[in-house]
Amino acid sequence: MNRTTACPEESQLLALAAGSTDVPPSLRPHIESCPTCLRNLRRLRAEIVHLRASIAPDDWSPPNSLIWRSILRNN
Ligand SMILES: [Zn+2]
């Protein structure tokens with residue numbers, strides 16, 4: 001099997017879903033060819049869209065994650 005990379009942390013998928021540039025480019029080939037990562041990425045993107053549409057960032061404390069803060073500010 002041509003499995004060279006382990007699945008990335010969900011936090012990294014989350015950053016990628018949010019369009020962050022903090023994601024190492026080396027992760028992309030894995031994510032683009034990994035059904036598990038693609039599914040997670042799609043789910044995270046949907047969650048981000050939902051959050052941006054439904055939550056006022058000033059009134060909400062992200063769950064223990066600077067990533068969420070950057071996502072919600074990155075409009
Ligand atoms: Zn994967």
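Two residues are in contact, or touch, if their C-beta atoms, placed from the backbone, lie within 7 Å. This is a predicted model, in which local features need pLDDT of at least 70 and side-chain atom pairs count only at pLDDT 80 or more, while totals for chains, interfaces and linings use all residues. Residues are numbered from 1 along each chain as its sequence is written.

**View 1. The protein chain has four helices and zero strands.** Helices (H or I, at least four residues) and strands (E, at least two) are DSSP runs, numbered from the N terminus. Along the sequence the pattern is α-α-α-α. Of the 75 residues in the protein chain, 12% are buried. A residue is buried if 20 or more other C-beta atoms lie within 10 Å of its own, exposed if 12 or fewer, and partly exposed in between. Taking contacts in the protein chain between residues at least 6 apart in sequence, 53% join residues at least 24 apart.

**View 2. The largest nonpolar core consists of Leu13, Leu14, Ala15, Leu16, Ala17 and Cys37.** Helix H1 (residues 10-17) supplies the largest share of this core, five residues. A nonpolar core is a set of buried Ala, Val, Leu, Ile, Met, Phe, Trp, Tyr and Cys residues joined through C-beta atoms within 7 Å. Within H1, the residues Leu13, Leu14, Ala15, Leu16 and Ala17 are buried.

**View 3. H1 packs with helix H3 (residues 35-54) at an angle of about 60°, their axes 9 Å apart.** Axes are lines fitted to C-alpha atoms, for helices over the stretch in contact, and angles run from 0 to 180 degrees between N-to-C directions. H1 and H3 are therefore oblique to each other; angles under 35 degrees count as roughly parallel, over 145 as roughly antiparallel, 65 to 115 as roughly perpendicular and the rest as oblique. On the H1 side the contact is made by Glu10, Leu13, Leu14, Leu16 and Ala17, and on the H3 side by Cys37, Asn40, Leu41, Leu44, Arg45 and Ile48. By class, the contact of H1 with H3 has eight nonpolar, one polar and two charged residues. Here Ala, Val, Leu, Ile, Met, Phe, Trp, Tyr, Cys and Pro count as nonpolar, Asp, Glu, Lys and Arg as charged, and the others, Gly among them, as polar.

**View 4. Alanine 17 lies in helix H1.** Alanine 17 counts as buried because it has 22 C-beta neighbours inside 10 Å. Leaving out residues up to four places away in sequence, alanine 17 touches Leu41, Leu44, Arg45 and Ile48. Alanine 46 is 29 residues from alanine 17 in sequence, and their C-alpha atoms are 9.0 Å apart.

**View 5. Alanine 18 is in the loop between H1 and helix H2 (27-33).** With 19 C-beta neighbours inside 10 Å, alanine 18 counts as partly exposed. Its C-alpha atom is separated by 9.6 Å from that of leucine 41, 23 residues apart along the chain.

**View 6. Leucine 27 belongs to helix H2.** Leucine 27 is partly exposed because 19 other C-beta atoms lie within 10 Å. Not counting residues up to four places away in sequence, leucine 27 touches Pro8 and Gln12. From leucine 27 to glutamine 12 the C-alpha distance is 9.0 Å, at 15 residues apart in sequence.
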